[in-house]
Amino acid sequence: MSTVTAQAPPEGADVRQAEFDAKITADQRIEPRDWMPDGYRRTLVRQVSQHAHSEIIGMQPEGDWIASAPSLRRKAILLAKVQDEAGHGLYLYAAAETLGVDRADLTDRLIEGRQKYSSIFNYPSLSFADVGVIGWLVDGAAICNQVPLCRSSFGPYARAMVRICKEESFHQRQGYELLMRMMEGTDAQRAMVQDAVDRWWWPSLMMFGPPDADSPNTQQSMAWRIKRDTNDDLRQKFVDMTVPQAERLGVTLPDPELVWNDQRGHYDFGEPDWVEFKQVISGSGPKNAERIARRRAAHEKGAWVREAATAYASKHAQEATV
């Protein structure tokens, strides 16, 4: 009579990998104390830190207009928005720190050019209409990209995104409201809005990243459920959402290939200039050097605050042990 010998269960890393895979398959959250593959951790550190950098650098294009906003109301709105973006960066740096990285090191990586941020913030804001278009198009693209991240498999990232997306949605409506008021104004104001739309439309489409065929990280990020949608799917969703808004606003989107496709049930649209995208990402955009120089200067000027805070915390920690 033959006997069946039971196989021993996998041990060590194999067990942990199986548990991790089961959580991903069951759509459960991975938390900082949970075991995770090194690749998963590295991917999250890269994505969350670059997202945080983008929020901080993203304060600059609109921050340029705080001093010259056309009214006290517009100044207050702009101040509040820039402050929100700073908060978003802090939420995301905190989420990154749960992965075992140091916030100061992430800042060093940014200002030394070892980490990137969103390409969109390397374009200039040339008129106050840009403030509205950034709110409408740039924050609108951010909403399309970030709402699915509220369901990211990594808990701290997903929870940070819930509040960020609520505030980004408000920013998008603020931008659109500003443009509506300008489009009700003079011919010169309407021309300013159209000019800003012409300049920001294609960079906004590039915000979703390269085409799926050229994106080395998309498929793995989706398998780990860090991301929920591909770059191309998100770009299509943004176009479909934005075209009716542009029609209501009374502006023309600068794409001669933009047309509704009955068979697909979506808008067809032209291809962004991916050569330009790669140049901007690699540091050759119109404002790359200025954005990083400003961030570096702010970091250096704030050294005394960090030193004072560290000394204060150290003093009180010593007093607590006495």
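Biologist: What percentage of the 322 residues of the chain count as buried?

Modeller: Happy to start there, with the reminder that this is a predicted model. A residue is called buried when its relative accessible area is under 20%. Of the 322 residues in the chain, the share that counts as buried is 46%.

Biologist: And how many helices and strands does the secondary structure of the chain come to?

Modeller: The C-alpha trace they belong to spans about 90 × 70 × 30 Å along its principal axes. Within the chain, the secondary structure comes to 13 helices and two strands.

Biologist: Where does H7 bend?

Modeller: Good thing to check in a helix with 29 residues. The bend in H7 is about 25°, and the residue where it occurs is Val162.

Biologist: Now Pro244, please. Is it buried, partly exposed or exposed?

Modeller: Pro244 sits in helix H10, residues 231-249. Buried would need under 20% relative accessible area and exposed over 50%. Because its relative accessibility is 37%, Pro244 counts as partly exposed.

Biologist: How far apart in space are Pro244 and Glu55?

Modeller: In sequence, 189 residues separate Pro244 from Glu55. In space, taken C-alpha to C-alpha, the two are apart by 27 Å.

Notes:
Residues numbered from 1 in each chain as written. Predicted model: local features only at pLDDT ≥ 70, side-chain atom pairs only at ≥ 80, totals over all residues. Heavy atoms only, no water. Helix = DSSP H or I, 4+ residues; strand = E, 2+ residues; numbered from the N terminus. Expected span 1.5 Å × (residues − 1). Bend = angle between axes of the 7 residues up to and from the residue. Buried < 20%, exposed > 50% of the residue type's maximum accessible area, 1.4 Å probe, protein only.
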